[in-house]
Amino acid sequence: MIGIEGIADNPLATKRDMRLLFERLAAPLKPFYSEGGARLRLGETGASYEASVAEMEGFSRVLWGLVPLLAGGGDSELAALYPKGLANGTNPAHKEYWGEVRDYDQRLVEMAAIGFALAAAPERLWEPLTAEERRRLFDWLDQINRHPVYDCNWLFFRVLVNVGFRKAGLPYDEEQTEASLRRIGDYYLEEGWYADGVGGHSDYYVPFALHYYGLLYAKLMEREDPARAATYKERAAEFAKRFIHWFADDGSALPYGRSLAYRFSQSAFWSALSYAGADPFPPGVAKGIVLRNLRWWMKQPILDSNGLLTIGYAYPNLVMAENYNSPGSPYWAFKAFLPLALPDDHPFWTAEELPMPKLAELSVQRPAHLVLCRDQAGHAAAFNSGHRSTNEHTHTSAKYEKFVYSTAFAFSVSRAEWGLSQGAFDSMLALSEGDNLFRVRRKNEETAIRGNVLYAIWKPWPNVEVQTWLVAGLPWHLRIHRVASARSLDAAEGGFALGLAPGTNAEAEERRAAASGGANGTSAIVGLLGYARAELVYPNANTNLLHPRTVIPTLRASLEPGVHWLVSAVYGDPEGRMPAGEPPLGELRTSIGPDAIRIITVEGEAIELPRNGISSS
């Protein structure tokens, strides 16, 4: 419920407003702390780790907002709980002891916020402890230097704990810290982009983890490690020029990748950029992105009746959640409150909030395998060439391998495995052997980007090869598939998923086109080659990240063994305008002739796709 007093109507214009928002979101947590203050139990849903660890996670994640608040001169009703909780949680004789950690333990993740607390707000969270309590807290945190962590952003958790030790005047593991920082350097790609581990995805873990922690390090260790601090700032500034394209003018950000239940952590990078003094834009730009993003989120029904953040995206939704999302996990979102640590006279607070700067309509971001497009209304969409590797995170295909991701329409995840309604295959080509069980792209054999044209080869079965070309653009884009199959297949090509608005959706189905439009925008798809019919698919409820109920305009075809070409034009307009006439192939810079398909990139390069099945991509 967004009607919690002071949430939805907060103008979020000043530091005081942001403090008030933090307090309004934090105050409902107070009844759910344990008697000893070391655990925060917010619900009954499970995660991959036991409930006692989830309760420690909830306790720790609040610190991402509480520490900046205290460091910046603010106060909170929760502040007095935390020295007590830190003392009891690290006391082996106390019933709320957090326990001995194991290799790759979730508690290693949550230590990072405590390390930040030691470095940034010691007067409130470290100095009130007795000498014995400090020793126990140190001993418990120091376990991170004796256990392996995953080879990804997790290495920064060890770094932050040791930074906390160093700032508090405690012994710290210089060798472990340096080794972790060197390994993190191996993740760097180019243009400000990291991968989340060598060969990993480039998603929100780049801005709200790798860059975020790097900027904390740059601020806290600028004197001790000036060269690395400068590198982190320079890379973050370069990344900012790309990442800004992920934000729409209305404050929403691109739903893409995993861990989207962390919600307004989407804008935490901009908070850290200002905190570390690394912003390449005027300070009002970052301020505007952070505050608009918070305003957008506060308009969504993300709180329950107690005022607690729920698991989900734009509404409570366990279907899209990760296996590591416990009831306390969403409070990672509190990372966005880092500007509260800045003094009142900092440019972030004194500058006028600025709108989004004028951005190019096209931003090619090869390290992330994406091409970002933007329309005149500020709607942002990311076209995706796909990845050569995959992983076993929940809904990996939906979160990383759809053809396009949009701030206005969001993507859908499958509810179950049977049919198009359970599969919710928006922005995908789904293939079935006639048994109503569909396969989609999960990883790729090859990928490439040439201007606004993206290319991939993927194999849903060993003897089925799909070559896909995407011609990126808004509101129209083009998809071309060459399917070489030794199997008989049913094919379904989904457009954008459109949220159903009661009484407002106008729908149309023709032999080769389907469309739906209403208060949430317009989605349409037109078959240009190879498709037999069009229909409107109504997915199972709670599959889309933005809307509990959606419709997906979809094209269908039946393919016998052999080589087939499938070509479609896909339309998405968040303003609700219905497409007029035929798709504008001239604007898409594409021609479909009797013998060949010809694509001309924005740079003027021509790509010929012969109908005889010989690809010259």
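Strand 16 covers residues 533-537, and five bridges join it to strand 17 (residues 550-559), the two running antiparallel. Strands are DSSP runs of E with at least two residues, helices are runs of H or I with at least four residues, and both are numbered from the N terminus; two strands count as paired if DSSP finds at least two bridges between them. Four of the five residues of strand 16 are buried, where buried means under 20% relative accessible area, exposed over 50% and partly exposed in between (1.4 Å probe, protein chains only).

The model is predicted, with local features requiring pLDDT of at least 70 and side-chain atom pairs counted only at pLDDT 80 or more, while totals for chains, interfaces and linings use all residues. Residues are numbered from 1 along each chain as its sequence is written, and side-chain values use heavy atoms, with hydrogens and water left out.

A further set of strands forms an open sheet of three, in the order 19-20-21, with antiparallel pairing. Its edge strands, strand 19 (590-592) and strand 21 (606-610), each pair on one side only. Neighbouring strands in this sheet are turned by 10° against each other on average, direction ignored; the angles are taken between N-to-C directions of lines fitted to C-alpha atoms, for helices over the stretch in contact, and run from 0 to 180 degrees. Strand 19 pairs with strand 20 (residues 596-600) over three bridges in the antiparallel sense, and Thr590 stands opposite Ile599 of strand 20.

Helix 4 (residues 81-89) is mostly covered, with eight of its nine residues buried. Among the buried residues are Leu81, Tyr82, Pro83 and Leu86. The buried residues of this helix pack against helix 2 (51-61), helix 3 (63-71), helix 5 (106-120), helix 6 (122-125) and helix 7 (131-141).

Nonpolar cores are sets of buried Ala, Val, Leu, Ile, Met, Phe, Trp, Tyr and Cys residues joined through side-chain atoms within 4.5 Å. The largest has 151 residues, and Tyr82 and Tyr213 are among those with the most contacts inside it. Beyond its neighbours within four places in sequence, Tyr213 is in contact (heavy atoms within 4.5 Å) with Trp64, Phe156, Phe157, Leu160, Trp332 and Lys335. A second, separate core of 34 residues includes Val371, Leu489, Ile525 and Leu566. In soluble globular proteins, nonpolar side chains tend to be buried together.
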